[in-house]
Amino acid sequence: MGYRGKLREQQLARELRGRSWTLQEIANELGVAKSSVSLWVRDVEFTPRARNGKVAQRRAPNRLQRRKAKEIEELLQAGQRRIGQLSEREFLVAGVALYAGEGAKTDGAVKFANSDAQLVGFFCAWLRHFFDIDESRVRLYLYLHEELDLAAAMRFWSDITAVPLTQFGKAYRAAADPSIRRTKHVHGCATVAYSCSRTHRAIMGLIAGVVDRHAWGRYVVAGC
């Protein structure tokens, strides 16, 4: 589910890179980290665009750029190796921390919103794994700019979340602000909603357990 979404993002990133998009433009478009884009497109031929919109003559990266790219890739891979395969408990705590930062805290319903497909996929897998979910009550809502393809975005997020299209709520179509020059997320932002007070309260209890000083106090440096 989440893995398929990642592959689709990688493919789109490579296509955009081949059309002379910069790493930051691609990262903004897909809602992913620039370091991830750098890794996905490292072997794609890139020709920078000139200011007049035409393809500019390609310049080789300078020493500082090469060193920066190398460090980013090395640390990305080092981080992945350091984490490795998550244990059951690590998966639980990671999901709790994610919801603590991005999830709704108001009592009554579980809600998680993000434009990063990998994070949304992670959350859905976590929710289904640790809680007894009634799939018929899961809803998904999209925030998408008006000029973007709603049908394509719905198919994309349905694939990521395994939420049927019939359980999508009405999408919010935002009007583009011409005064703001910003690359939009091509698939918008998704909100996963599950109306269950008990599940939400259970998650809030887990969050309390994670942020309780008794759980992490021994890692505090003396004097802090």
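This is a predicted model: local features need pLDDT of at least 70, side-chain atom pairs count only at pLDDT 80 or more; totals for chains, interfaces and linings use all residues.

1. Residues are numbered from 1 along each chain as its sequence is written, and side-chain values use heavy atoms, with hydrogens and water left out.

2. Helix H5 (residues 88-102) packs against helix H6 (residues 117-130) at an angle of about 120°, and their axes are 10 Å apart. The two helices are therefore oblique to each other (angles under 35 degrees count as roughly parallel, over 145 as roughly antiparallel, 65 to 115 as roughly perpendicular and the rest as oblique). Their contact (heavy atoms within 4.5 Å) involves residues including Phe 91, Leu 98 and Tyr 99 of H5 and Phe 122, Trp 126 and Phe 130 of H6. By class, the contact residues comprise 12 nonpolar, 2 polar and 1 charged.

3. Strand E1 (residues 110-114) is joined by 5 bridges to strand E4 (residues 189-194), and the two run antiparallel. Within this pairing, Phe 112 has Val 192 of E4 as its bridge partner.

4. Most residues other than glycine have a negative phi. Ser 20, however, in the loop between helices H1 and H2, has a positive phi near 75°, and Ser 20 is buried at a relative accessible area of 8% (buried means under 20%, exposed over 50%, partly exposed in between, with a 1.4 Å probe and protein chains only).

5. Ala 162, in the loop between helix H7 and strand E3, also has a positive phi, near 60°, but with 42% relative accessibility Ala 162 counts as partly exposed.

Note on methods
Axes are lines fitted to C-alpha atoms, for helices over the stretch in contact, and angles run from 0 to 180 degrees between N-to-C directions. Helices (H or I, at least four residues) and strands (E, at least two) are DSSP runs, numbered from the N terminus. Ala, Val, Leu, Ile, Met, Phe, Trp, Tyr, Cys and Pro count as nonpolar, Asp, Glu, Lys and Arg as charged, and the others, Gly among them, as polar. Two strands pair if DSSP finds at least two bridges between them.
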